[in-house]
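Dear colleague,

Please find the structure below, handed over for your use.

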Amino acid sequence: AKSIEQKISRKRWSLYIKIGLIVLGLFVVIIAMKKGVETYDKDFDDFQSNYAKLGVKEDATLAEVKKAFYAWSLENHPDRKPGCKECEEEYIKRNEAYTQIKDFHSG
């Protein structure tokens, strides 16, 4: 038969292990939350920079964004300037920015 001291000791260690697991779990949750906030902030900053890429204010309407994108595209579309790598790269960036803003406004 186990003595009372052995039973208490076993329960105490069991409690220590449970407390340790809880603390570890909380630590993991805090780290995950911090990473999530950093990711959200970065995504938000990237989204806000889409307006700057198109040369409009952040409170611009979708119509204003569309007008700015199409006005730029009429002059600088890669099909209008064949062989212009800069135009092609810039068009890809602006098109992606326009698409993200359009998707945000429509849904």
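The side chains of Asn76 and Lys81 form a polar contact at 3.2 Å; the term denotes a pair of N or O atoms within 3.5 Å, where within protein one must be able to donate a hydrogen and the other to accept it, and residues adjacent in sequence count only if both atoms are side-chain atoms. The model is predicted: local features need pLDDT of at least 70, side-chain atom pairs count only at pLDDT 80 or more, and totals for chains, interfaces and linings use all residues. Residues are numbered from 1 along each chain as its sequence is written, and side-chain values use heavy atoms, with hydrogens and water left out.

Asn76 lies in helix 2 (helices are DSSP runs of H or I, at least four residues, numbered from the N terminus). With a relative accessibility of 15%, Asn76 is classed as buried (under 20% relative accessible area; exposed is over 50%, partly exposed in between; 1.4 Å probe, protein chains only).

His77 is located in the loop between helix 2 (62–76) and helix 3 (85–106). His77 is partly exposed, at 21% relative accessible area, and its side chain reaches the backbone nitrogen of Asp79 at 3.0 Å.

The largest nonpolar core has 12 residues, among them Phe47, Trp72 and Tyr98; such a core is a set of buried Ala, Val, Leu, Ile, Met, Phe, Trp, Tyr and Cys residues joined through side-chain atoms within 4.5 Å. Helix 1 (4–54), helix 2 and helix 3 each contribute at least two residues to this core, and helix 3 gives the most, with four.

Yours sincerely
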